[in-house]
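Trainee: I would like to go through the labels attached to this model and see what each one rests on.
Mentor: Then ask about them in turn.

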Amino acid sequence: MTMESTMELDDLKQAWQALDRQLQQQKRINLELLAETRMRKARAGLRWLQVLAVGQVVVGLVVTIFCARFWSSHLHEPALLLSGIVLHAYGVAMIVAGVMEMLLLVRTDYAAQVVTIQKYLALLRQWRIRTRRWFALAQWLLWIPVTLVMLEYLFGFNLWAHSPATVGGFVAVGIVGLLATLWLVFWSPRALRRRVGDYVDDSNTGALLKRAQASLDEIARFERE
Amino acid sequence: MHASATMTADDRQGFDDLLLQHRGIVFKVANAYARSAEDRADLAQEIAVQLWRAWPGYDPARRASTWMYRIALNVAISFLRSDGHRRRHVVPLDEAVHDIADDSAVDHETAESLRVLHRFIATLEPLNRALLLLYLDERSTREMAEVLGISESNVTTKISRLKQRIRDHVAPPGNE
């Protein structure tokens, strides 16, 4: 039995070497030339993604600084103070997400050991998917502090002080929207999720997360003897 | 980081020579990880691009094949896991295998062995596929461990498991 399997493996090795010889003679693909053209295109694409990530960090910084100044000057107006702090936290989250995105784009050293770099990529992929999901969900509520802060900042109008019921209505709408989206994403029947998913752009998030987790599990299994 | 912008003519020549000398690694990895001819060409180019980007960091004192294998396998595994690639080119396995092994340059028996081998490769997880590829290429246990980032004893264990999987999977090609 062992002899037989060794024979098989040797045959496969020989076949592999035959393929190697054949590939060595392959002149169809001029790697050097193609790589040069592709490199230019890839670099342009990468530059664009880097600009987006840097833009996100810059916007995050602006939001953070603006909100820090805003809430520190409204310490005695609870609604505005809370709105400023929430947006401040959002600005910090934007910075962190932007930096992580830049790490993903720039710091991937493919010359590192395969297990190390694949684990790093799978973790970043998982982190990126989760972040996008939570950023998207947060929009249901974030527009409320944005409205409060901008009304105060631009027009000196404290909506909460004038009409708390309106703000309460905003919060109710936000919570209903958030719960409806959560239901759609996590608990709705699969067919409905898939149909509506195209519009919500979250249809694949669950599958992508599962795939990223499966990659991490596979790497962990591979590392174990 | 951006190699070609800062590369001197000597650097460029050095890179081209290395790529020419070890291009087999690029093609073999592309063949093991992509099914359609289009995907294989795509992957081979992507590997070449990443080799080029990593070239300024290459240490000539270290083995070139180890460096190339790391980059090629990392790119190939990422390519396999990328969502866009899956959606673009879904090729039935038999057609893909035929595409690879179909040629007059090898005899019938070798072509058949290649088909069997590619069918087996297609059943493997990306990391085991990398290990098999290194094994078929007759790399030392030490180099396999260096490329993959696992211990030498783990490499040995996994290879014996792969042999078992091959035994379960592959029918002996011709009983002479």
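Mentor: Over all chains the count comes to 9 aromatic pairs, where rings of Phe, Tyr and Trp (its six-membered ring) pair if their centres lie within 6.5 Å. This is a predicted model, in which local features need pLDDT of at least 70 and side-chain atom pairs count only at pLDDT 80 or more, while totals for chains, interfaces and linings use all residues. Residues are numbered from 1 along each chain as its sequence is written, chains are lettered from A and ligands numbered from 1 in the order in which they are written, and side-chain values use heavy atoms, with hydrogens and water left out.

Trainee: Why is the pair A:Phe66 and A:Phe70 called stacked?
Mentor: Planes under 30 degrees apart count as stacked, over 60 as edge-to-face and the rest as tilted. The ring planes of A:Phe66 and A:Phe70 are at 25 degrees and their centres 6.3 Å apart, so the pair is stacked.

Trainee: Where do A:Phe66 and A:Phe70 sit relative to each other in helix 2 of chain A?
Mentor: They are 4 residues apart in helix 2 (residues 31-72), which means a separation of about one helical turn. Helices (H or I, at least four residues) and strands (E, at least two) are DSSP runs, numbered from the N terminus.

Trainee: What makes A:Phe70 buried and A:Phe66 partly exposed?
Mentor: Buried means under 20% relative accessible area, exposed over 50%, partly exposed in between (1.4 Å probe, protein chains only). A:Phe70 has 5%, so it is buried; A:Phe66 has 25%, so it is partly exposed.

Trainee: Why is the pair B:Tyr58 and B:Trp67 called tilted?
Mentor: The planes of B:Tyr58 and B:Trp67 are at 50 degrees, with the ring centres 4.8 Å apart, so the pair is tilted. B:Tyr58 is buried at 15% relative accessibility, and B:Trp67 is buried at 9%.

Trainee: What makes A:Thr108 buried?
Mentor: A:Thr108 has a relative accessible area of 16%, so it is buried. Its place is the loop between helix 3 (78-106) and helix 4 (114-155) of chain A. Leaving aside neighbours within four places in sequence, A:Thr108 is in contact (heavy atoms within 4.5 Å) with A:Leu103, A:Ile117, A:Tyr120 and A:Leu121.

Trainee: Why does B:Thr66 count as buried?
Mentor: The relative accessibility of B:Thr66 is 6%, so it counts as buried. B:Thr66 is in helix 5 of chain B, and beyond its neighbours within four places in sequence it is in contact with B:Glu143, B:Glu146 and B:Val147.

Trainee: Which residues of helix 5 of chain B meet helix 9 of chain B?
Mentor: B:Tyr69, B:Leu73, B:Ile77, B:Leu80 and B:Arg81 of helix 5 meet helix 9, where the partners include B:Pro126 and B:Leu134.
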